Amino acid sequence: MSETPFHRALRDSVQEVLEKMFFVEPVEEPPGEAGSPDGIMAVQLAFEGLPSGVLTLCVTSAAARQIAADFLGEDESGLSPAKVEEVVCELANMICGSVLSRVESSATFRLASPRILLAGERPIRREAAARRAVHAVAIGSGTLTASMETRDPVCPQAAESVS
Amino acid sequence: MAYRVLIVDDSPAMRSFVRRVMELSGFDLSVCFEAGDGGEALKVLRSEWVDAILTDINMPGMDGEELLRRLSADELLRAIPAIVISTDATTNRMDRLATLGARGYITKPFVPEDLRAVLERTLGDPNV
Amino acid sequence: MDQIVVGMADCRIAEGGGQVLATFALGSCIGLAIYDPQTKVGGLLHFMLPDSGIDPARAKANPFMFADTGIPLLLEKVCGRGAMKRRLVVRAAGGAQMMDQENVFEIGKRNYLALRKILWKSGILLHAEAVGGVRSRTVRLDTSTGKLWLVEGGEQRELVAGAPRQGGN
C-alpha cells in the first residue's frame with residue numbers, strides 16, 4: 001500500500017522532532033498492539049482547525065526516561081516521573097504541531113494541552129475518523145508509536161455521534 | 001551583562017530547554033521568570049522589568065498572539081524584545097507575528113544552535 | 001609550524017600556539033576540534049563510532065574510538081591544560097554517508113547525533129560544523145590563530161559559523 005501524504009507528514013515529523021531535540025535516530029518498525037512488560041507512557045492531545053482530530057503518543061517507559069534525560073541534559077537517575085511526563089507531553093505537542101504545519105500550511109490550528117492517560121485508560125478513538133495514520137519507531141531502549149486521526153470537516157455530525 | 005528574561009510556555013520541559021540554551025549561549029541570566037500562559041506573563045510584567053521575552057503561541061488561557069497584542073499596546077512593554085518559539089510554522093501565523101511586533105521567531109523542533117543564532121541576532125552577541 | 005597528525009580513533013592536544021593539529025579521511029567519522037582563544041589550548045579528536053556499549057573492551061583499550069568515551073576525555077584533557085569550558089570554540093566535521101566495508105549505512109548520521117547529544121549534556125553548543133554529504137574531509141586546527149581549515153572536494157576554506165537552518169527576525 002502506498003504511503004498517504006498524511007502518513008508521510010507524520011513519519012517526517014516524528015523523525016525531525018526526535019533528531020533535532022532528542023538526538024535520536026528513529027528506526028521504523030511495524031506498529032504492534034502488544035503491551036510492553038516495561039510499561040508504557042501514553043499521551044493524548046486534541047487539536048482544532050482544518051483538520052481537527054487527536055494525536056496519541058505511546059512510549060515504552062525506559063525509552064521515555066532516556067529521551068527525557070537527553071532532552072533536559074540531565075542524568076536519568078535524578079529524573080522524577082513528573083519530569084518525564086512533562087517531556088513526553090512536549091514531544092507530543094511538537095510532533096502534532098509539525099504534522100499540522102506540513103498538511104495545512106495556510107490554515108491556523110489550535111492545540112489543546114497534552115493529557116497523560118492513566119494506567120489502564122484506553123485512548124479515545126473516533127470510529128468516524130476521516131484519516132488515520134500510525135507510525136512506530138524503535139528508539140534506543142524502546143519503542144515510540146504515534147497515531148493521528150482527523151475528522152473530515154465536512155462531516156461534523158458523524159464525528160459528534162461517536163464522541 | 002546580566003540578563004533578566006521571561007520565558008512563557010505551558011510546557012515546563014520546554015521552558016527548561018529554552019533556559020538551558022540561553023545559558024549555554026553565554027547569556028548571563030541574573031533572573032529567569034517563567035509563566036504558563038500570557039495571563040501569568042502579564043502578571044509578572046506588572047511588577048518586574050525584563051530584557052527579553054521568549055514566548056510560545058499555543059497555550060491555554062491567554063495565548064502568545066494575545067500576549068504580543070497586549071505588549072505592543074503598552075507604551076513601556078512594547079520596548080521589550082519578544083521572540084516567538086512555536087510549533088506553528090503556517091504562513092498565516094508568520095504573517096500575523098510580524099505585524100504584532102515579534103522581533104524574532106523560531107519554529108519547533110529546532111537545534112539549540114539555531115535558537116542561539118536567533119537570540120544573538122535579536123539581543124546581540126553576549127560574548128562580545 | 002609543527003603539524004601534529006591525529007589518526008583514526010585518536011586525540012591530540014596542543015598548547016602555547018605554533019602548532020597545527022590535523023586529521024584526514026573524515027568519512028563517516030567525525031573530527032571534533034575545540035579551542036580556548038585565551039589560553040591557546042586546542043584539542044582534536046577523530047572518533048569512528050557513536051556508542052562504546054557495543055564493545056566495552058575495545059573502548060577501554062582505546063576510548064577515542066567512540067563518541068561517548070572520547071568526547072568527555074577530550075574535554076577533560078583540554079580543560080586540564082587550563083582551558084575553560086565556557087570559552088571553548090567547538091567545531092565539527094565529518095559524519096558523511098559513506099559505504100563502508102560492511103555496508104552499514106547511517107554511521108555518519110549516528111555519529112553526528114551522538115556528538116550533539118554528548119555536547120548538549122556536557123553544556124556545550126557547536127559554533128560551526130561541516131557534516132553530512134558524501135565526501136571525505138580533512139581538518140587542520142591552527143592553535144596560533146584558532147582557525148579551523150577544512151578541505152573538502154579538493155578545496156580549502158576556513159570553517160566558520162554558517163547560516164542557521166531556520167529561524168529569523
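**View 1. The largest nonpolar core of the predicted model comprises 128 residues.** The residues with the most contacts inside this core are A:Leu57, A:Val88, A:Ala92, A:Ile95 and C:Phe47. Helix α3 of chain A, spanning residues 81–103, gives the most to the core, contributing 12 residues. The model is a predicted one.

**View 2. The surroundings of A:Leu57, one of the residues with the most contacts inside the core.** When neighbours within four places in sequence are left aside, A:Leu57 is in contact with A:Val43, A:Val88, A:Leu91, A:Ala92, A:Ile95 and A:Ala146. Among these partners, A:Val88, A:Ala92 and A:Ile95 are themselves listed with the most contacts inside the core.

**View 3. The contact between chain A and chain C.** Chain A supplies 6 residues to this contact and chain C supplies 8 residues. On the side of chain A that touches chain C, the residues comprise 2 nonpolar, 1 polar and 3 charged.

**View 4. The overall fold of chain C, with 3 helices and 10 strands.** Read from the N terminus, the elements of chain C follow the order β-β-β-β-β-α-α-β-α-β-β-β-β. The radius of gyration of chain C is 15 Å, close to the 15 Å given by the globule rule for 169 residues, so chain C is as compact as a globular protein of that length. Along the principal axes, the C-alpha atoms of chain C fill a box of roughly 40 × 40 × 35 Å. Of the 169 residues in chain C, 44% are buried. Among the contacts in chain C with a separation of 6 or more, 63% join residues 24 or more positions apart.

**View 5. An open sheet of 5 strands in chain C.** The strand order is β2-β5-β4-β6-β7 (chain C), and the pairing is mixed. Strands β2 (10–14) and β7 (128–131) of chain C form the edges, each pairing on one side only. Direction ignored, neighbouring strands of the sheet are turned by 10° against each other on average.

**View 6. The pairing of β2(C) with β5(C) and the helices packed on the sheet.** Strand β2(C) pairs with strand β5 (residues 41–47) of chain C in the antiparallel sense, over 5 bridges. Within this pair, C:Arg12 has C:Leu44 of β5(C) as its bridge partner. Helix α2 (residues 67–80) of chain C packs on the sheet and touches β2, β4 (30–36) and β5 of chain C; the direction of this helix makes about 170° with that of β5(C). Helix α3 (residues 107–121) of chain C also packs on the sheet, touching β4, β6 (89–94) and β7 of chain C; the direction of helix α3 of chain C makes about 30° with that of β4(C).

Methods:
Residues are numbered from 1 along each chain as its sequence is written. Chains are lettered from A and ligands numbered from 1 in the order in which they are written. This is a predicted model: local features need pLDDT of at least 70, side-chain atom pairs count only at pLDDT 80 or more; totals for chains, interfaces and linings use all residues. A nonpolar core is a set of buried Ala, Val, Leu, Ile, Met, Phe, Trp, Tyr and Cys residues joined through C-beta atoms within 7 Å. A residue is buried if 20 or more other C-beta atoms lie within 10 Å of its own, exposed if 12 or fewer, and partly exposed in between; C-beta atoms are placed from the backbone. Helices (H or I, at least four residues) and strands (E, at least two) are DSSP runs, numbered from the N terminus. Two residues are in contact if their C-beta atoms, placed from the backbone, lie within 7 Å. Ala, Val, Leu, Ile, Met, Phe, Trp, Tyr, Cys and Pro count as nonpolar, Asp, Glu, Lys and Arg as charged, and the others, Gly among them, as polar. The radius of gyration is taken over C-alpha atoms; the globule rule is 2.2 Å times the number of residues to the power 0.38. Two strands pair if DSSP finds at least two bridges between them. Axes are lines fitted to C-alpha atoms, for helices over the stretch in contact, and angles run from 0 to 180 degrees between N-to-C directions.
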